[in-house]
Amino acid sequence: MHTHNGHSGHSHSHNHDHSHSHSFDRAHEHNDCESDGDLNLADVLVNGDEEESSALEDVIAACLFYKSHTLNAGIYRRLKHLDDLSERHRDMISSLGTIDKIKEAEKLVRENQRFLQNLVYASSVDSTPNPKTEQETFKQWCKAFFEFRKSSGKPPVLEHHMEKVYSIMKQFVRDWAEDGKEEREQTYGPLLEALESEFAHVQPEERGKLCVLVPGAGLGRLAYEICCRGFSSQGNEFSYFMLFASNFVLNKSTEVNQHAIYPFVHQFSNVVHREDQMRKIMVPDVLPSNLPFAQSAEFSMTAGDFIEIYGAEDEKEKWDAIVTCFFMDTAKNVLDYLDTMWNAMKPGAVWINLGPLLWHFDNVENESSIELTRDEFIELVRKVGFELDERQFRDCISVPYTANDRSMLQYTYRAFMCVARKPNSVNSDDK
């Protein structure tokens, strides 16, 4: 059972188009991993506070406004630029098929919009019409939704939220498409190998008693892969954008390659072949409900702030392992993360980490941020009390993040990987 427990609140994020991104939200109630139920966004709209409801509305608006924004900002603008050329230049460029390419991109943007509508419907309130079977009613519902935003003094969409929608498209490739397999092997592979090595003495069918936490789980693939290896795993996420997407793929998928998306259609620069930009990506590449150890291992997702949920007394010393991937640098103060992990980990538990140090709040106005070097970070881990496994430390691991492997421009992180343990004998008064 793939569940979403609790809710995610108002988000704030510091995004780079080529980087990993995260949103930071307030925490909300947390239930044990055995709880069932999909992401209950209806409850947030009805019972959530004003900040929560506003944040949820903004995400829905970004998904629903995707087509209008992308066509105006990306497609029609380019067609106008071609129209403004001299007749000679326009004829020469037209002979290359460039105008046809842009018009093809327009069609694919409309296909992406259908996907996003289904995503909203899957995670929205009961009164939302089905965009597949009630198309006209859904159009009227969308019209009323944006009229409500306008009457509330809000713009149709927040500009930076559109970048998050484009990012979510790429997240689907990274986590749930065959095209993302190589990237997953580069980033998730070392983490999974280290986790299995740590518990090699336990047979997969007996690992369900071992609980593994994955903070910043995104769309949930790493937590899913951990469960596929027999562990009871729980992903934690606090971005509504991520929660919308993970709820859709984890709880609403009924077959492999069920949905088609075109995540690179927005990219007009550094393109080698037209087909690269227009290529179709099918998701999911596996059916999340098919877990090999479903009888012995639990798989769940929680929504809310990592520090507030897992730093609480009811989470104290519950977890046998914590696996972090591209997560630690999303902290304003990484000591808060380390203290939270210490609280949640059992004595003797292992923490496995891989990622760079792109401190997300660095130079963000009105936000505090503590930036550390890699060396400072490692020393701080020791000062908290963790015992680092020097044998498993790896440096300068080349890893991409939501990369377009056919692009002429490639960003690669030189990440590091560390394995640390909470000592078996810990004086609780010390922490």
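**Exercise 1. Find which residues of helix H3 meet which residues of H7, then work out how the two helices cross.**

Step 1: list the contacts, meaning heavy atoms within 4.5 Å. From H3 come Tyr66, His69 and Thr70, and they meet Glu159, Met162, Val165, Tyr166 and Met169 of H7.

Step 2: sort them by class. The contact has five nonpolar, two polar and one charged residues. Here Ala, Val, Leu, Ile, Met, Phe, Trp, Tyr, Cys and Pro count as nonpolar, Asp, Glu, Lys and Arg as charged, and the others, Gly among them, as polar.

Step 3: get the geometry. H3 spans residues 66-83 and H7 residues 159-176; they pack at about 100 degrees with axes 11 Å apart. Axes are lines fitted to C-alpha atoms, for helices over the stretch in contact, and angles run from 0 to 180 degrees between N-to-C directions.

Step 4: name the arrangement. H3 and H7 are therefore roughly perpendicular, the label for 65 to 115 degrees (under 35 is roughly parallel, over 145 roughly antiparallel, the rest oblique).

A word on the model before moving on. This is a predicted model, where local features need pLDDT of at least 70 and side-chain atom pairs count only at pLDDT 80 or more, while totals for chains, interfaces and linings use all residues. Residues are numbered from 1 along each chain as its sequence is written, and side-chain values use heavy atoms, with hydrogens and water left out.

**Exercise 2. Is strand E8 mostly covered or uncovered, and which strand residue stands opposite Ala303?**

Step 1: check burial (buried is under 20% relative accessible area, exposed over 50%, partly exposed in between, with a 1.4 Å probe and protein chains only). E8, residues 299-303, is mostly covered, with five of its five residues buried.

Step 2: look at the neighbour. E5 (residues 232-237) pairs with E8 in the parallel sense over five bridges; pairing takes at least two DSSP bridges. Glu237 stands opposite Ala303.

**Exercise 3. Where does Ile93 sit, and what does Ile93 touch?**

Step 1: Ile93 belongs to helix H4, residues 87-94. Helices (H or I, at least four residues) and strands (E, at least two) are DSSP runs, numbered from the N terminus.

Step 2: Ile93 is partly exposed because its relative accessible area is 28%.

Step 3: leaving out residues up to four places away in sequence, Ile93 touches Leu82, Leu85 and Thr98. Leu82 is 11 residues away in sequence and 8.3 Å away, C-alpha to C-alpha.
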